[in-house]
Amino acid sequence: MEEKTMSNLDIVKEADSFPYQDSDPAAYEALTKTIYQLVWKSNDGPVLGYMLASTVPRLLEVPEALRGPVVVDAAARTVRAFEQATEAERTAAVDAAMRYWRERGTFDVLRGWRDERWPVYGGDREVLYSVERSGTGMLGVMRYGVHMTGYVRDGDAPHGIRIWVPRRAANKSTYPGMLDNTVAGGLMTGEDPFECIVREADEEASLPGAAMRERARFTGMVTYIYITDERAGGEAGQIYPETQWIYDIELRADERPTPKDGEVAEFYLWTVDEVRHALVRGLYKPNCALVVVDFLVRHGILTADNDPDYAEILRRLHRPLPFPGPHQAYTAAALTAGDAAAATPAS
C-alpha cells in the first residue's frame with residue numbers, strides 16, 4: 001500500500017473540513033442543505049449550532065414533557081429548543097433528551113457517555129445550558145478544549161528543539177492509537193482554561209502543577225469546524241465547531257511526561273523532522289495535527305518562505321465562527337491588534 005503523504009494545508013483541512021462559502025460554494029451549499037441551524041428564541045437570534053437534519057425527527061420523538069417545546073421551521077431550516085426559563089431548567093431538559101436517546105440506543109455516539117457537561121453560550125460569557133460531552137455533535141454546538149505542546153531545547157536537533165508526543169491508548173473510544181498533543185482535554189462548564197490544562201497535565205502526563213504554573217504559557221486560540229468520521233466514535237458526519245486554548249511549556253531534559261490515567265499509552269521525545277514525518281502520514285488525531293501546525297508556525301518553522309499555502313493555512317487555523325462564546329471576544333481583540341499592527345509604519 002502506498003504511504004499516505006499530506007501537505008501542511010491538507011493536514012489543516014482535515015480538521016477544518018467544513019467547506020467555506022467563498023472558496024467552495026458548491027460544497028458549502030450541498031452540505032448546508034443537510035443541516036438545520038439551532039437558533040435561540042427566533043430565526044433572527046443567535047445560531048447556537050449546526051444540527052444534522054437526521055437529528056431533528058429524533059428530537060421530536062423525545063416526549064415534550066422531557067425536552068420542552070421544539071419549534072421546527074422547515075422552510076428556514078431552523079430549530080428552536082431548550083428555551084426554558086433558567087439555565088438549570090434548560091440543562092435538565094437537554095440532559096433528559098440525551099438520556100432518552102441513550103437508553104434507547106438512538107445514537108451510537110452516546111455509548112461513549114462521559115458524564116461531563118460542556119457549555120453552550122448565548123453570548124460571549126452567558127451560558128444558556130450545558131450538554132453531555134458525547135452528545136454535543138447531536139446539536140452541532142461549540143466545543144471547547146485546551147491543548148499544550150511540551151518541548152525540550154536541544155542544540156543538536158533540527159530547529160533546536162524536541163517535542164513530547166503521546167500515543168493515545170488503544171482502548172480509547174475515539175481515535176485509538178493515534179498521536180496527540182503533549183496534553184489536551186475538554187473544557188467543562190465553569191472551568192477556567194488554565195486550571196483545566198494544569199489538571200490535564202497532572203492526569204495525563206504526571207506533570208507537576210508547580211512546573212505548569214511557573215512555565216506553561218498561553219499562546220492563543222485555534223478555531224475550526226470539523227466533520228467527524230468513524231474514528232470519532234459513533235455516527236460519522238457530525239459537525240464539531242471547536243475552539244482550543246493553546247499552551248506551550250518548555251521542559252527540562254530531566255522532566256519526562258509519564259502516563260498516569262490510562263488515556264496515553266506512551267510518550268516519545270521526537271525531533272521536529274520526526275514529528276513532521278508523522279504529520280504527513282496522517283498519524284495524528286486531526287485536531288491535534290492542526291495544533292502541531294500552529295506550533296510550527298508560531299516557532300518560525302513553517303513560514304511563507306517555505307510553504308506556498310501559508311496564507312490559507314493561517315486562515316484555517318483561525319477560522320471565524322458564527323456561534324456565540326468566549327472565542328468571539330478573543331477573535332475581536334486579535335483582529336484589532338492585527339489591524340493596529342498593519343497600520344503601524346515600519347521603523
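How many residues does the hairpin that joins β5 to β6 pass through?

**Figure 1. Overall view of the predicted model.** Local features require pLDDT of at least 70 and side-chain atom pairs count only at pLDDT 80 or more, whereas totals for chains, interfaces and linings use all residues. Residues are numbered from 1 along each chain as its sequence is written, and side-chain values use heavy atoms, with hydrogens and water left out. The protein contains 12 helices and 12 strands (DSSP runs, H or I of at least four residues for helices and E of at least two for strands, numbered from the N terminus). Its C-alpha atoms fill a box of roughly 65 × 50 × 45 Å along the principal axes.

Figure 2. Among contacts with a separation of 6 or more, 67% are between residues 24 or more positions apart; a contact means heavy atoms within 4.5 Å.

**Figure 3. Strand β5, residues 117–121.** Four of the five residues of β5 are buried, leaving the strand mostly covered. In a regular strand, side chains alternate between the two faces of the sheet.

**Figure 4. The hairpin between β5 and β6.** Strand β6 spans residues 127–132 and pairs with β5 in the antiparallel sense over five bridges (pairing requires at least two DSSP bridges between two strands). Tyr121 has Val127 of β6 as its bridge partner.

Terms used. Buried means under 20% relative accessible area, exposed over 50%, partly exposed in between (1.4 Å probe, protein chains only).
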